[in-house]
Amino acid sequence: MALWRWQHPGNSDEIVTPRCFAPVNFELLPGWQDDDHAEALRAFLNFRGQDPCLNRLLDIASVWTGPARSFFETWFRPYRIGHEPGGLLTGYFEPELAASLHPAPGYPFPVYRLPDDLELMAEPQAGHPAGSQLTAHRRIGDRLEPYFTRAEIEAGALAGRGLEIAWVRDAVELYIMHVQGSGVLVCKEGRIRVTFAGKNGHAYTSIGKRLIETGHLDAAAASLDKVVAWLRANPAEGKALMHDNKSYIFFEFLTGEDAVRGPRGSFGAILVPGRSMAVDPRIHRPGLPIWVDAPGLNAGGFPFPRLMLAHDTGSAIRGAERGDVFFGTGADSGQAAGSLKHPCRFFALLPADDDRNGA
């Protein structure tokens, strides 16, 4: 079996194949010669998954002594992804929040760890008694029930169970951390990283899209900063709008070296600003490189085209040429990420299908 034919982890019957992928030569990748391939190779090495074939390539990369560009040209083949008429790049970041690790005046909003009564599913299940779009549930006796929604949790559904790992000052900042999937808690004990541990299973609803649909924001000029400004200027309506997004994220502390190196994506890789990207895992194989052509884009100091790595995913990231670029930590990264909305083309770098990779 070729390395690029892989079984989607959420559906044992689904085999992702390159039926929409057209092979091309590296020479035809726009700007291929001009990228920093050594930086991309270091980012590639951040991943280690369950796939023995991909891990073999990571082992080869770890002892590679030649030019980094030659590694990719030797062990991969580029394919133009022609699944959609055009792609879209957006951005995300790791926010910083004022926090306390203990209940304290001025820090009323809890950050919760994953509850022990939350049962996760890899994919939504048709005919699920608690709803076909859910990816988690709670079991009450012999019954399956939807897990608590954002509104129910914020109304106290989890209070008194000892699930709080921290408390923060600002409800809007906490909501943004939920959307981004990770954060840095700035407290008297220091800077403490928290990362995604799971979600309540409800589908994600974009409040930015809701604001555009209701005419409160202009689609062409919409950005994260403008969404946050609207939420702060309209606290009652903003709270109701945030509750419209029933999805709720649970967190855990990052420890050891991981806590120093950076946030961790949902595929387990430590995220690298300007190299790590969230993709649709139904189409893209976790950990593999993707050449992203985005003419005219220089976002947050990251010029495109460039080689990106499939290190993460997200509820809103759906489609063969849909990518969410990780920009880094803090307000400046957030400003760059929140304003990115740019057309793009994807070229997937799939492992070379020959005797060298043992496929």
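The protein averages a pLDDT of 88, and 88% of the residues score at least 70.

This is a predicted model, in which local features need pLDDT of at least 70 and side-chain atom pairs count only at pLDDT 80 or more, while totals for chains, interfaces and linings use all residues. Residues are numbered from 1 along each chain as its sequence is written, and side-chain values use heavy atoms, with hydrogens and water left out.

**Open sheet**

- Six strands form an open sheet with mixed pairing, in the order E7-E11-E6-E12-E13-E14. Strands (E, at least two residues) and helices (H or I, at least four) are DSSP runs, numbered from the N terminus.
- The edge strands are E7 (109-112) and E14, each of which pairs on one side only. Two strands pair if DSSP finds at least two bridges between them.
- From one strand to the next, the twist averages 45 degrees.
- Within this sheet, strand E6 (residues 96-100) pairs with strand E11 (residues 164-168) in the antiparallel sense over two bridges. Ser100 stands opposite Trp167 in E11.

**Strand E20 and its partners**

- Strand E20 (residues 322-329) is largely enclosed by the rest of the structure, because seven of its eight residues are buried. Buried means under 20% relative accessible area, exposed over 50%, and partly exposed in between (1.4 Å probe, protein chains only).
- Strand E5 (residues 87-94) pairs with E20 in the parallel sense over six bridges. Thr90 has Asp324 in E20 as its bridge partner.
- Strand E15 (residues 276-278) runs antiparallel to E20 and is joined to E20 by two bridges. Opposite Met277 stands Val325 in E20.

**Helices H1 and H3**

- The axes of helix H1 (residues 37-44) and helix H3 (residues 68-75) come within 7 Å and cross at roughly 65 degrees. Axes are lines fitted to C-alpha atoms, for helices over the stretch in contact, and angles run from 0 to 180 degrees between N-to-C directions.
- His37, Ala38, Ala40, Leu41 and Phe44 in H1 meet Ala68, Arg69, Phe71 and Phe72 in H3.
- By class, this contact of H1 with H3 has seven nonpolar, one polar and one charged residues. Ala, Val, Leu, Ile, Met, Phe, Trp, Tyr, Cys and Pro count as nonpolar, Asp, Glu, Lys and Arg as charged, and the others, Gly among them, as polar.

- Leu224, Val227, Val228, Trp230 and Leu231 are buried in helix H7 (residues 224-233). Seen down the axis of H7, these buried residues fall within an arc of 160 degrees, so they line one face of the helix. The arc is that of the directions from the helix axis to the C-beta atoms.
- The partners that the buried residues of H7 pack against include E5, H8 and helix H10 (331-338).
- In H8, the buried residues are Gly238, Leu241, Met242 and His243. These pack against helix H4 (150-157), H5, H6 and H7.

**Ser247**

- Ser247 lies in the loop between helix H8 (235-244) and strand E14 (249-253).
- Ser247 counts as buried because its relative accessibility is 4%.
- Beyond its neighbours within four places in sequence, Ser247 has contacts that include Arg150, Lys199 and His202.
- Ser247 and Tyr147 are 100 residues apart along the chain, and their C-alpha atoms are separated by 9.8 Å.

Notes: Contact = heavy atoms within 4.5 Å. pLDDT = per-residue confidence, 0-100.
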